[in-house]
Amino acid sequence: MISNNIQLDEQGRLKHFLSIEGFKRQHLINILDAAEPFANVHEQAVKKVPLLRGKTIVNLFFEASTRTRTTFELAAKRLSADVLNINISTSATSKGESLLDMLHNLEAMHCDMFIVRHKQSGAAHLIAQHVSPLISVINAGDGCHSHPTQAMLDMFTIRRHKKDFADLKVVIVGDILHSRVARSQIHALTTLGVSAVRVVGPKTLIPTQIETLGVHVYHDLQAALIDADVVIMLRLQKERMQGALLPSESEYYHQYGLTEKKLKLAKPDAIVMHPGPINRGVEIASSIADGPQSVILEQVTNGIAIRMAVMSQTLGRSGEKA
Amino acid sequence: MTNTTQSEQMEFNNTLNLEQLLDTMYQAINKKLQNLNKDDVVIVGIHTGGFWIAEKLYKKLALTSPLGSLNISFYRDDFTKIGLHPEVKPSQLPAGLDDKHIILIDDVLFTGRTVRAALNEIFDYGRPASVTLAVLLDRGERELPIYADIVGQQITLKAGQQIKLCGPEPLKLVQNKC
């Protein structure tokens with residue numbers, strides 16, 4: 001298969017993981033299946049498997065992160081890899097070194113994988129195009145573009161609760177405009193065959209022409225929630241907002257915050273998700289975040305298994321073609 | 001399939017009686033159990049062939065502990081060469097392997113690399129009192145210092161010849177693919 005997708009090697013195997021776009025359904029299913037046994041590793045007395053022993057993985061986080069960076073680090077450690085955390089704020093890039101020069105220095109130290117988070121969309125792609133052929137790059141979030149491992153851990157969590165993707169009604173609520181998570185989720189959900197993906201938010205926070213991605217746009221949360229199987233709440237990304245996009249937090253909560261009363265419109269067994277960090281009383285009521293329908297902490301746990309799967313597939317080059 | 005391999009297949013089926021091999025294993029394991037407290041014994045089958053055999057033996061042995069299954073994919077020594085199979089099933093070992101007597105079961109003992117990986121994985125779950133290796137067939141040609149305590153039958157294969165257990169229902173020994 002000849003492929004222009006730089007995420008796959010000549011044999012069609014996973015080399016980099018930069019965005020959900022460009023993957024077929026079977027690729028995504030392979031990742032979900034591969035993650036299943038990794039979800040059990042924590043049951044061992046020694047919470048480690050020796051799969052990536054001797055590999056060196058570098059966390060390059062140019063943007064703040066606790067959950068994602070920690071779960072990538074834990075995933076790497078549970079695979080027995082060595083992990084370097086580069087503190088960008090004190091690194092040489094702050095002394096004027098270019099990004100690519102910094103990468104070439106890390107290559108010279110014989111690292112095997114870069115996990116990249118950057119505020120600029122496309123940063124991980126750029127790095128993947130310039131690294132030496134032996135190195136794999138995983139995107140841990142680039143600007144407003146993509147956060148593919150988050151989307152995959154969300155798909156993994158949904159599959160554990162809902163078996164089949166095809167008939168699901170999935171609602172994504174909030175700041176779609178600035179959300180790389182939402183973009184990756186939409187691509188993953190539609191690739192996996194979910195027929196009804198609804199995005200909900202104020203007009204100022206919904207990108208124009210998002211319908212072209214195969215989603216239905218709502219501005220009324222109540223209408224969107226009817227019969228939903230999965231409700232995904234997003235954080236208001238105020239750090240990325242320029243200008244007056246919202247009247248006030250309290251008005252936003254009144255219209256788009258998930259409350260118990262509104263959640264009753266969804267199916268009784270609907271699950272509530274959030275990529276974190278959550279802002280209680282802004283997009284979600286505390287009682288729901290801590291309630292029986294919330295799978296928010298499960299998402300965190302599943303993030304480790306998904307990241308283990310992606311890391312071992314890219315560094316091990318899974319033998320099966322998709 | 002050529003005529004030669006067909007006749008070799010016949011030979012295989014004639015010389016190796018699966019029921020008989022399983023019975024040999026069962027008798028030997030039973031004898032082993034006589035010296036042990038049955039509550040401390042755990043049967044663990046190596047995915048997939050070893051697990052199918054373990055299932056059959058487990059039914060007859062009437063033990064109290066649940067049957068364990070071990071998938072050694074994460075412990076293989078050729079991961080960087082062949083990669084990770086996308087459909088690895090998780091290992092399922094009973095909680096608390098410390099001080100248990102493990103009967104580790106596999107279908108064909110060959111290089112010993114699978115057993116090496118299995119032992120490493122077991123010790124990441126706990127510190128068993130002992131591990132006894134029981135295999136359906138021992139085809140020799142070991143590459144590591146590993147031996148089986150219980151063997152259904154020793155066999156010798158010609159260069160390039162393979163043997164494989166297919167299953168789970170019915171279990172069948174074949175020469176090539178299932």
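Helices H5(A) and H11(A) cross in a right-handed sense. The model is a predicted one. In this pair, H5 covers residues 148-162 of chain A, and its axis runs 8 Å from that of H11(A), at an angle of about 115°. On the H5(A) side the contact is made by A:Thr149, A:Met152, A:Leu153, A:Asp154, A:Phe156 and A:Thr157. H11(A) meets them with A:Glu298, A:Gln299, A:Asn302, A:Gly303, A:Ala305, A:Ile306, A:Arg307 and A:Val310. Sorted by class, this contact between H5(A) and H11(A) holds six nonpolar, five polar and three charged residues.

The next topic is the nonpolar core. The largest nonpolar core has 138 residues, and the members that touch the most others are A:Val173 and A:Val231. Helix H11 of chain A, residues 296-316, is the element that gives the most to this core, contributing eight residues. Both domains of chain A take part: domain 1 (25-146 + 303-316) and domain 2 (148-300) each supply at least three residues to the core.

What surrounds A:Val231, once its neighbours within four places in sequence are left aside? A:Val231 is in contact with A:Val173, and also with A:Val171, A:Leu225 and A:Leu258.

The loops hold some backbone features to check by eye. In chain A, the loop between helix H7 (221-225) and strand E8 (230-233) contains A:Asp227. A:Asp227 is not a glycine, yet its phi is positive, at about 65°. Is this residue buried or exposed? A:Asp227 counts as exposed, because it has 11 C-beta neighbours inside 10 Å, and the limit for exposed is 12 or fewer.

Chain B has a residue of this kind in B:Glu141, whose phi is positive and near 55° although the residue is other than glycine. B:Glu141 sits in the loop that links strand E4 (130-138) to strand E5 (150-154) of chain B. With 11 other C-beta atoms within 10 Å, B:Glu141 is exposed.

Cis peptide bonds are the last topic. In chain A, the bond from A:Gly276 to A:Pro277 is cis, with omega near -5°. A:Pro277 belongs to the loop between strand E9 (271-273) and helix H10 (286-289) of chain A. In chain B, the bond leading from B:Gly167 to B:Pro168 is cis, with omega near 5°. B:Pro168 is in a loop that has strand E6 (164-166) on one side and strand E7 (172-174) of chain B on the other.

Methods: Residues are numbered from 1 along each chain as its sequence is written. Chains are lettered from A and ligands numbered from 1 in the order in which they are written. This is a predicted model: local features need pLDDT of at least 70, side-chain atom pairs count only at pLDDT 80 or more; totals for chains, interfaces and linings use all residues. A nonpolar core is a set of buried Ala, Val, Leu, Ile, Met, Phe, Trp, Tyr and Cys residues joined through C-beta atoms within 7 Å. A residue is buried if 20 or more other C-beta atoms lie within 10 Å of its own, exposed if 12 or fewer, and partly exposed in between; C-beta atoms are placed from the backbone. Helices (H or I, at least four residues) and strands (E, at least two) are DSSP runs, numbered from the N terminus. Domain bounds come from an automatic or database domain assignment. Two residues are in contact if their C-beta atoms, placed from the backbone, lie within 7 Å. Axes are lines fitted to C-alpha atoms, for helices over the stretch in contact, and angles run from 0 to 180 degrees between N-to-C directions. A crossing is left-handed if the near helix is turned anticlockwise from the far one by less than a right angle, and right-handed if clockwise. Ala, Val, Leu, Ile, Met, Phe, Trp, Tyr, Cys and Pro count as nonpolar, Asp, Glu, Lys and Arg as charged, and the others, Gly among them, as polar.
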